[in-house]
2 protein chains.
Amino acid sequence: MVTQNIVYAHSGGVTSVLNTTASSLIATARKHQLPTLIAQNGILGLIHNKLYRTDNLSSQDLERLAQTPSSVFGSCRHKLPHHHDDPRAWDGFFNTIAQHNIDCIIYQGGNDSQDTSVKILEAATQRQIALKCYGIPKTIDNDLYGTDFSPGFPSCAKYLCTSIAEASLDTRAMCKSSTKVFIMEVMGRHTGWLALATAMASRQQQQGPHIILTPEHPVDVQQWLAYTDHLVKELGYCVIVASEGIINSATGNRLTETKQTDAFGHGQLGGVGAQLAQWINTHLNYKTHYAIPDYLQRSAGHLRAAIDVYLAKQLGQRAIELVQEQADSCLLGLQRSEGDWHIIPTSLHTCANREKPVPLEYFSDNKMHISPLGREYFQPLIAGEVYPTYHQGLPEYFDASQLHYQQQPQPII
Amino acid sequence: MVTQNIVYAHSGGVTSVLNTTASSLIATARKHQLPTLIAQNGILGLIHNKLYRTDNLSSQDLERLAQTPSSVFGSCRHKLPHHHDDPRAWDGFFNTIAQHNIDCIIYQGGNDSQDTSVKILEAATQRQIALKCYGIPKTIDNDLYGTDFSPGFPSCAKYLCTSIAEASLDTRAMCKSSTKVFIMEVMGRHTGWLALATAMASRQQQQGPHIILTPEHPVDVQQWLAYTDHLVKELGYCVIVASEGIINSATGNRLTETKQTDAFGHGQLGGVGAQLAQWINTHLNYKTHYAIPDYLQRSAGHLRAAIDVYLAKQLGQRAIELVQEQADSCLLGLQRSEGDWHIIPTSLHTCANREKPVPLEYFSDNKMHISPLGREYFQPLIAGEVYPTYHQGLPEYFDASQLHYQQQPQPII
């Protein structure tokens, strides 16, 4: 018996095109008359039987959903045990899918989330329950294997490129008698994809960012300070982008792990931006400003990359088509070929629990900027602008109070 | 003799519409055949005879200039003494204006800059030199007297409103199993205009920001923590915006002034965002994220407010018209009347060296949010979107290498 009742869920950090995939997926499923629910807070909604209806959403709702960043359904950070280690931890999950006759889960997320997809399939096999799982890649970190890029990354990169281009102009204007160094701390605990992408804002040496620090290349603090000093003397100012997870080559530790605890014994909050600025202040005595966009970078729905929005929609559509085709469980990877991307089913194991670093050949010789090959990779990702509609000066984002739980079991088709 | 050779200059922090005024001013002066130079780095360019030509800029250059944030001519932070206190400090300035036959200065800036305008007029009087000075308001801080708002503020406010709306969606999505409090630190050392403006993003209680901390209302830390805790328990999360200059009611000092020095004896960098996050971590034990947009907020040319761009242009045009009309020296204030703004000449003394706080009636009863009257003030300022053109994924901003110094004295007309 094929019921084909679908649940869509996602977990991990949000992006500005996550709802875009959800919207496209709901619309496509509706077209094919495939009942679709959405889990509140990813796997948690499946464990606790908190599933949202989608049949009450109008086309206008879906359009608004598509342009809304973050996730209106909620995300989560929750690591499930393997079923064979702790089967009881899975009881809630299997109760929920039984109650709603779910036989298909579309799970969107990064390496942790796809680890969850793999565990779901293992658990279903062990309980002898017919369940398929289709993984859709998603992470602003862009560190997934099995896909050319991860949806969410291009928009975040575009926002950061634009922001650092603007902040560079600001620093240049002020440097004569005020701020000489500007630092932007960007996301990326283990990889430098976002940081290196900002190099695209620098099309000539005068334009920042001038220095890019990534986890791929541990930072020799003295050397970096000397280079910063050199650039300030040469250009009048220096603009630096640093991944939050950069490593001090002297200690082998992340910069933020070396920080002192405060008076209460708590680890000091604040990351590499403050730390780098403090070093510049102390050793070079240049006035320094730093920015930490934090969540602003990954939820910047007001400036999204065209290819990101386009492929986020395509992935939602293709996932439903795979359900209908009764395809095997898989990850929907993106493959680049001749300036275009194709969605290629690949193994969920490909990307679970692994982090893809930036290839070394994408870096310049000094490891602190981009190579021509790197530019080739990033250029098509940041091209094209997609804007939301506005009302009274603010983007028209989806109002989550329109969401309602599915109370009744889904009918069996 | 009326020569009407003009220099335009500006100083202080930049905005995303400063070049817009410059562009409009150059185009209007050209139409009226009034020779116009632009000082590099504001008053410093006048002191050191570093003036840029404008006659080499094409219409296309001027269009690109108009959409470029920050200042392509450079700004400065430099306080001139009164002429009667130190006449020698003015020699460079008067040499420059003599060499280029300048008899008119258009000076754009905030309270410090208009203090410079006033001092220029004093000095010229004491040296018996005929010189006029027209001040154009500018500051993202919006703390100028003599004008309904300051160009630069609406775009910055719009950017911050949009950003906090987006970060609120992010925090809401994560709060179930991760971050429960999000803090955004915004500019405003002495006034809370920008912080309070972000309240516009919150159209219902569920939408952040939920708490706004401003220098106008010293923060009772225990009370604020209790309220934050209450909101997290009620809504699941809490979004806070804080001006960088907020005051601790227990000490009467700015929060950032109470911070410890580091191992080198240097004052710790990092502002209220980190401090507030640390308190929440320590006392409430909620996972907290914070963003510091810093320069990103005032140079966000990729999202500007319609009225800001429109009036920035009008001010450039009107300043040149006043030169042509041989009007008295003045500040070009903006007066709001029936949903429209008029440019009204007012005294330069009105805004020099004074900071206009947010009116108390713009705050809600608990002093941590906005009142209906406040909404009325901010609404028309953030309405309407202006975007730059893009090329290969990045805004097309003016290339400063096209600027050239004026080598020869200006001809006398």
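The legends below describe several close-up views of a predicted model.

Residues are numbered from 1 along each chain as its sequence is written, while chains are lettered from A and ligands numbered from 1 in the order in which they are written. Because the model is predicted, local features need pLDDT of at least 70 and side-chain atom pairs count only at pLDDT 80 or more, whereas totals for chains, interfaces and linings use all residues; side-chain values use heavy atoms, with hydrogens and water left out.

**View 1. The two chains and the axis that relates them.** Chain B is superposed on chain A by a rotation of 180° with 0.0 Å of shift along its axis, at an RMSD of 0.0 Å (least squares on the C-alpha atoms of residues with pLDDT of at least 70 in both copies). The two copies are thus related as by a two-fold rotation axis. In chain B, the C-alpha nearest this axis belongs to Ile292(B), at 2.4 Å from it. The same surface serves both copies, since 100% of the contact residues of chain B recur in chain A (contact means heavy atoms within 4.5 Å).

**View 2. The interface of chain B and chain A.** The contact draws 81 residues from chain B and 81 residues from chain A, and the two chains bury about 6,600 Å² between them, 57% of it on carbon and sulfur atoms (buried area is the accessible area, taken with a 1.4 Å probe, that two parts lose on being put together, summed over both). Across this interface the rule finds 2 salt bridges (a side-chain nitrogen of Lys or Arg within 4 Å of a carboxyl oxygen of Asp or Glu). A salt bridge joins the side chains of Arg298(A) and Asp170(B), with 2.7 Å from N to O.

**View 3. Helix 9 of chain A and its surroundings.** Helix 9 covers residues 272–284 (helices, H or I of at least four residues, and strands, E of at least two, are DSSP runs numbered from the N terminus). At 1.5 Å a residue its 13 residues should span 18 Å, and its end C-alpha atoms are 17 Å apart, which agrees (the expected span is 1.5 Å times one less than the number of residues). Of the 13 residues, 11 are buried, so helix 9 is largely enclosed by the rest of the structure (buried means under 20% relative accessible area, exposed over 50% and partly exposed in between, with a 1.4 Å probe and protein chains only). Among the buried residues are Trp279(A), Ile280(A) and Leu284(A), and what covers the buried residues includes strand 6 (181–186), helix 8 (221–235) and strand 9 (288–291) of chain A. Just after helix 9, Asn285(A) takes a positive phi of about 60°.

**View 4. Trp224(B) in the nonpolar core.** The largest nonpolar core has 210 residues, and those with the most contacts inside it include Trp224(A) and Trp224(B) (such a core is a set of buried Ala, Val, Leu, Ile, Met, Phe, Trp, Tyr and Cys residues joined through side-chain atoms within 4.5 Å). Leaving aside residues up to four places away in sequence, Trp224(B) touches residues including Leu213(B), Leu276(B), Trp279(B) and Ile280(B).

View 5. Ile370(A) sits in the loop between strand 12 (340–346) and helix 12 (372–382) of chain A, and at 9% relative accessibility Ile370(A) counts as buried. Not counting residues up to four places away in sequence, Ile370(A) touches residues including Leu196(A), Met200(A), Phe363(A) and Phe378(A). Pro137(B) lies in strand 5 (residues 132–137) of chain B and counts as buried at 0% relative accessibility. With the same exclusion of residues up to four places away, the residues that Pro137(B) touches include Gln108(B), Leu144(B), Pro151(B) and Leu331(B).

View 6. Most residues other than glycine have a negative phi, and most peptide bonds are trans. A cis peptide bond joins Gly208(A) and Pro209(A), with omega about 0°, and the bond from Gly208(B) to Pro209(B) is likewise cis, with omega near 0°. Pro209(B) is found in the loop between helix 7 (193–197) and strand 7 (211–213) of chain B. Asn49(B) has a positive phi near 55°, lies in the loop between helix 2 (43–47) and strand 3 (51–52) of chain B, and counts as partly exposed at 28% relative accessibility. Asn101(B), with a positive phi near 55°, is found in the loop between helix 4 (91–99) and strand 4 (102–109) of chain B, and at 23% relative accessibility Asn101(B) counts as partly exposed.
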